[in-house]
Amino acid sequence: MTATREKIWTVEEYHRMIEAGILNEDDNIELLDGRIVEMSPQTPIHAGTTQRSDRYLQHLLRDLAEIRVQLPITLATSEPEPDIAVVCIDPGGYGDHHPNQAEILLLIEVSYSTLQIDRREKALIYARANIAEYWILDVGARQAYIYRNPAPGGYESEIVVADNAVMRMLAFPEIEINFSELFLPV
């Protein structure tokens, strides 16, 4: 009988593999808790919801934050590529690093076939990284999961809202976000 072990990669090792050309943009992968994981392909509803949400948030948060779409963020043990990351404005345009925990205001995943991964695995990773707010847009059920109050064991607050709900981000409580503008029209 032989024993096998899974190799856990550090963020630094992951970056070195990218710099060396071992991993590249065509690989469609992300680093989650030290594991290199293949990302799911996008369905039209996933892509359309991501694009619609991006446009709406760009309009609402112009000159307040940057909206990054399917671009990496760097956490202690992970480098995921959330569908949308609302981050602090960086004078250098994030040309020398990916946004880190201190620069992330809100993460959004658009979920069609990945709801369990987004709710369990990614929510735990984001909570451990102390990301203040994480939303999942469940396009199949037309509802959103709102996670707040991160703790080492996960988010302490989870609420589920319908696609017609109105919420305020923790980072910008003066701005109302209409979820009907994030989801595709029916």
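Biologist: What makes both faces of strand E1 (residues 29-32) count as covered?
Modeller: Look at the side chains in this predicted model. Ile29 and Leu31 lie on one side of E1, Glu30 and Leu32 on the other, and all are buried. Buried means under 20% relative accessible area. Residues on each side meet that cut-off, so both faces are covered.

Biologist: Why do residues of a strand fall on two sides?
Modeller: Because side chains in a regular strand alternate between the two faces of the sheet.

Biologist: How do you know that E1 and strand E2 (residues 35-38) pair?
Modeller: Count the bridges. E1 and E2 share four, in the antiparallel sense. Pairing asks for at least two bridges, so E1 and E2 qualify. Ile29 stands opposite Glu38 in E2.

Biologist: What stands out in the hairpin of E1 and E2?
Modeller: Two residues lie between the strands, and Asp33 takes a positive phi near 50°.

Biologist: In what order do the six strands of the open sheet run?
Modeller: The order is E3-E4-E5-E6-E7-E8, with mixed pairing.

Biologist: Why are strand E3 (66-69) and strand E8 (154-162) said to stand at the edges?
Modeller: Each has a single partner strand, so one side of E3 and one side of E8 are left without a neighbour in the sheet. On average, neighbouring strands of this sheet are turned by 20° against each other, direction ignored.

Biologist: What makes strand E4 (residues 84-87) and strand E5 (residues 104-111) a pair?
Modeller: Four bridges join E4 and E5 in the antiparallel sense. At least two are required, so E4 and E5 pass. Val87 stands opposite Ile104 in E5.

Biologist: Which strands does helix H3 (residues 115-128) lie across?
Modeller: H3 lies across E5, strand E6 (133-138), strand E7 (143-151) and E8. H3 runs at about 170° to E6.

Biologist: Where is Thr114, and why is Thr114 called buried?
Modeller: Thr114 lies in the loop between E5 and H3. Its relative accessible area is 17%, so Thr114 falls under the 20% cut-off.

Biologist: What joins the side chains of Thr114 and Asp118?
Modeller: A polar contact of 2.9 Å. The limit is within 3.5 Å, so the pair of Thr114 and Asp118 counts.

Biologist: Is Arg148 buried or exposed?
Modeller: Arg148, in strand E7, is buried. Its relative accessible area is 16%, and buried means under 20%, so the term applies.

Biologist: How many helices and strands are in the protein?
Modeller: Three helices and 10 strands. From the N terminus the elements run α-β-β-α-β-β-β-α-β-β-β-β-β.

Biologist: Why is the protein called as compact as a globular protein of that length?
Modeller: The globule rule gives 16 Å for 186 residues. The radius of gyration is 17 Å, close to that value, so the description holds. The C-alpha atoms fill a box of roughly 55 × 45 × 35 Å along the principal axes.

Biologist: What share of the 186 residues counts as buried?
Modeller: 45%. The protein exposes about 10000 Å², and carbon and sulfur atoms supply 50% of that area.

Methods
Residues numbered from 1 in each chain as written. Predicted model: local features only at pLDDT ≥ 70, side-chain atom pairs only at ≥ 80, totals over all residues. Heavy atoms only, no water. Axes fitted to C-alpha atoms, helices over the stretch in contact; angles between N-to-C directions. Contact = heavy atoms within 4.5 Å. Rg over C-alpha atoms; globule rule 2.2 N^0.38 Å. Buried < 20%, exposed > 50% of the residue type's maximum accessible area, 1.4 Å probe, protein only. Areas by Shrake-Rupley, 256 points an atom, 1.4 Å probe, with all protein chains shown as cover. Polar contact = N/O pair within 3.5 Å; in protein donor to acceptor, adjacent residues only side chain to side chain.
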